[in-house]
Amino acid sequence: MSVISSVTVNVPATTANLGPGFDCIGAALTLCNQFKFTRLDEGGLTIHVTGAEAERVQTDESNLLYQAFLKLYQYIDQTPPPVKIEIVLGVPLARGLGSSATAIVGGLVAANQLAGEPLSQVQVMEIAIAMEGHPDNVVPAFIGGCRLAATSDVGWEICDVPWHESIVPVVAIPNFELSTSEARRVLPTEFSRADAIFNTAHLGLLLRGLETGKGEWLRAALQDKLHQPYRKALIPGYDAVNTAAVAAGAYGMVISGAGPTLLALADVAHSSDVELAMASAWKTSGIDAVVRSLALDTQGATIL
Ligand SMILES: Nc1ncnc2c1ncn2[C@@H]1O[C@H](COP(=O)(O)OP(=O)(O)O)[C@@H](O)[C@H]1O
Ligand SMILES: N[C@@H](CCOP(=O)(O)O)C(=O)O
C-alpha cells in the first residue's frame, strides 16, 4: 500500500438550529476553511494559520483540528505521524458558523486519509458527533446540504432536508465572539410541555416551509422556545436587527448556531434589501457586522 504524504480538505461553514431545530438540524453554507496536512519524517507538530483572525487559532497540541486528528489515530489504535498543518481560515471563529465543526471534521477526515481510510464515512461522522456533543453542525459540515439528525437504536439517522431554491440564507456576522460553551451555559436544563410542543410543531412546519418555499409557513416556523429566548440577551441589537430584517422582507430571523451571527431567510427578490437592513440596524446599535447572502453548500468536506 502506498503511503499518502499529504492531504488537503475543504470544510464548509454551517448554520445550526434554524430556530426551532435546536441541536438537531443544520445547513452547510458556501464559506469554507481549508486544512492541509503533510506527513513529516521526523519532529512533532507544526501549525501555520493564514486568513482573518489567524492569530486567534492555537498553534500547539491544543489545536482542535489536531485534537481531532489524534482522536482518529487513537480510535484505530495507531501512532499518529508527525505532521505539518496549514490552515487557511475562511470561517470566522466563535460566531455561530460552525468553525469548531470544520476543525473536528477536517482533522478526522485528514487523519482517515493519511491512515489509508481504515474507517467508513459513517464511523468518521459518529466520532465527529461525539467530539462536538451534538450533530447539527458537524453532520452538514461533513456531508453538505441541510440535514436533520436523530438517534436510533443503533446510532444516528441522518436525513436530507430539501431546501427550496428560492430561499436565500443571509448571514449578519458581528465583530464580537460568543463561544458555544458560554451560549450553552445560559440554557435551562428542563422545559415545559408547552414549550416542547411549540418547538415540535414549528420544526415540522419549518421542514415543510424549507421544502416548498411557502412564505406563510416559513414566517410562522422560524420561532423557538428552547434556546433563543435565553440567548438573545447575549447579542446586543438582536431585536433591532430582527425588526429590520422582517421589515425589509425576510421571512424571519434566527440565531445562527449558538450566535452571535444572525441568520435571516429571504426570497431572492428581497435578499439584498435584507442585507442592507441588517447591517444598518446593527450599525445603529453600535456594532460593525459583515452581512452576506450565501447559498447552501452541497458538497460538505471535500478532499482536494
Ligand atoms: N480552524 C481551526 N483550527 C483550530 N481550532 C479551531 C478552528 N476553528 C475553530 N477552532 C476552535 O473552535 C473554537 C470556536 O468554537 P465555538 O465556540 O464552538 O464556535 P463556532 O460557533 O465558531 O463553532 C475556537 O475558539 C477554536 O478553539
Ligand atoms: N446546537 C448548537 C449549535 C452550535 O453551533 P455553532 O456553530 O455555534 O458551533 C447550539 O446551539 O449550541
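Q: Which strands does helix α9 lie across, and at about what angle does α9 run to β8?

A: Helices (H or I, at least four residues) and strands (E, at least two) are DSSP runs numbered from the N terminus. Angles, from 0 to 180 degrees, compare the N-to-C directions of lines fitted to C-alpha atoms, for helices over the stretch in contact (C-beta atoms, placed from the backbone, within 7 Å). In this predicted model, local features need pLDDT of at least 70 and side-chain atom pairs pLDDT 80 or more, whereas totals for chains, interfaces and linings use all residues. Residues are numbered from 1 along each chain as written, with chains lettered from A and ligands numbered from 1 in the order written. Here α9 (residues 238-247) lies across β7, β8 and β9, at about 150 degrees to β8.

Q: In what order do the four strands of the open sheet stand?

A: Strands pair if DSSP finds at least two bridges between them. The order is β8-β9-β7-β10, with antiparallel pairing. Because β8 (252-255) and β10 (289-293) each have a single partner strand, one side of each lacks a neighbour in the sheet. Neighbouring strands are turned by 20 degrees on average, direction ignored.

Q: How many bridges join β7 and β9?

A: Six bridges link β7 (residues 167-174) to β9 (residues 262-267) in the antiparallel sense. Within this pair, V171 of β7 stands opposite L263 in β9.

Q: Which residues come nearest to ligand 1?

A: A residue is near a molecule if its C-beta atom, placed from the backbone, lies within 6 Å of it. Of the 21 residues around ligand 1, L64, S99, S100, S179 and T180 come nearest. Helix α2 supplies the largest share of the shell, four residues.

Conventions:
Contact = placed C-beta atoms within 7 Å.
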